[in-house]
Amino acid sequence: MAPVPSSPIKVGHIDDVQELRKAKPKTIPERFVRDMNEGPTLAIALPSLSDIPIINFSRLVNGSKDDYQTESLQLARACKEWGFFQVINHGINLSLIESIEEVAKNFFMLPLEEKQKYPMAPGTVQGYGQAFVFSEDQNLDWCNMFALGIEPPYIRNPKLWPIKPTKFGETVDVYSREVRKLCQNLLKYIAMTLGLKADIFEEMFGVAVQAIRMNYCPPCSRHDLVLGLSPHSDGSALTVLQQGNGSSVGLQILKDNKWAPVQPISNALVINIGDTLEVLTNGKYKSVEHRAVTHKEKDRLSIVTFYAPSYEIELGPMPELVDENNPCNYRRHTHREYNKHCN
Ligand SMILES: O=C(O)CCC(=O)C(=O)O
Ligand SMILES: [Fe+2]
């Protein structure tokens, strides 16, 4: 997570979107209104469920040699051509998937005063509010967010850990430990698809940085005018995204310069390659832009884990992936340096 900026910044008035929704304003406040004609359009031939690669994790871990090879090829294709995939049989207990969703939803349903006990200070990324608002004239997303630093322990801010719902902290901790293991394992299989030794990333990353963000987008009567989450790519190495059961279809990823919706698969997790892995792989694996749209009647919850190397590690394309046919495409930087500019 980005360090706290040293000078205070002015972000202007930020409406809480759940409160706005309750107040049913006749028009959407201007700061939320986006120019939907700007940028890429929605894909006409929408991808079907099977288009965005699905990785059966248990076949990578416990499958026969053939299973492993098929799945591993699929994983390589996903990282190269899509930057996104959905992982099934990931080994995280269904009850934990349900519990994190329940505590997240219950948190967002608390009265505003309760949630505001954990405010996200302007320019910072932990607590309740809207992340990435850095100026008074910036557009806002139709989304409430709650974010916490998880690992290493020094990025935790105990004052921002809610005491309600009662099981919140405990559930976030248990869930985050499981997701951390999944990230470490996925990175092993990803390394092997590149012909690298399995623990290359683990050795390189030091004590990896991990953060969780919960996004809640209430329905919006003018969903054609607002965005749940602006287009961005993630600064992480890997991102693990859990889409709420019964939530509206909101995530869209950029594919061939068109927005392609990701159809949720029950109990699956969506994984995407972040900027850090794109740099390390010298651009072989892609960090793809994505956004979230809102729905007229349905709300949407997503629970997102960002997994990245320690802030102190210097990052650049791995020498194994640079040669005369693949010249170095990125300059070296530390993860901390990178986080000053983006997330
Ligand atoms: O809510 C989603 O589907 C997208 C979340 C996301 O991209 C993020 O939090 O970085
Ligand atoms: Fe993202």
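Helices (H or I, at least four residues) and strands (E, at least two) are runs assigned by DSSP and numbered from the N terminus. The model is predicted, and local features need pLDDT of at least 70, side-chain atom pairs count only at pLDDT 80 or more, while totals for chains, interfaces and linings use all residues. Residues are numbered from 1 along each chain as its sequence is written, and chains are lettered from A and ligands numbered from 1 in the order in which they are written.

**View 1**

**View 2. Strand 13 and its two partners.** Strand 13 (residues 300–308) is mostly covered, with nine of its nine residues buried, a term that asks for 20 or more other C-beta atoms within 10 Å of a residue's own, whereas exposed means 12 or fewer and partly exposed lies in between, with C-beta atoms placed from the backbone. Both of its faces are covered, with Arg300, Ser302, Val304, Phe306 and Ala308 on one side and Leu301, Ile303, Thr305 and Tyr307 on the other. Strand 6 (residues 209–217) pairs with strand 13 in the antiparallel sense over nine bridges, where pairing requires that DSSP find at least two bridges between two strands; here asparagine 215 has serine 302 as its bridge partner. Strand 8 (residues 238–243) is also antiparallel to strand 13 and is joined to it by six bridges, with threonine 239 standing opposite phenylalanine 306.

View 3. Eight strands make up an open sheet of mixed pairing, in the order 2-3-11-8-13-6-5-4. Strand 2 (54–56) and strand 4 (127–129) each have a single partner strand, so one side of each of these edge strands is left without a neighbour in the sheet. Strand 2 runs parallel to strand 3 (residues 84–88), to which three bridges join it, and isoleucine 55 stands opposite valine 87 in strand 3.

**View 4. Two helices against the sheet.** Helix 4 (residues 94–108) lies across strand 5 (144–151), strand 6, strand 8 and strand 13, and it runs at about 115 degrees to strand 13; such angles run from 0 to 180 degrees between N-to-C directions, with axes fitted to C-alpha atoms, for helices over the stretch in contact. Helix 6 packs on the sheet and touches strand 5, strand 6, strand 8, strand 11 (269–273) and strand 13, its direction making about 130 degrees with that of strand 8.

**View 5. The surroundings of isoleucine 212.** Leaving out residues up to four places away in sequence, isoleucine 212 touches Ala147, Leu148, Ile150, Val172, Ser176, Ile303, Val304 and Thr305, a contact being a pair of residues whose C-beta atoms, placed from the backbone, lie within 7 Å.

View 6. Strand 9 (residues 251–255) and strand 12 run antiparallel and are joined by three bridges, with isoleucine 253 facing histidine 290 as its bridge partner in strand 12.

**View 7. The loop around glycine 91.** Glycine 91 is found in the loop between strand 3 and helix 4, and it counts as partly exposed because it has 13 C-beta neighbours inside 10 Å. Apart from neighbours within four places in sequence, glycine 91 is in contact with Phe57 and Leu182. The C-alpha atoms of glycine 91 and phenylalanine 57 are separated by 7.9 Å, while the two residues are 34 residues apart along the chain.
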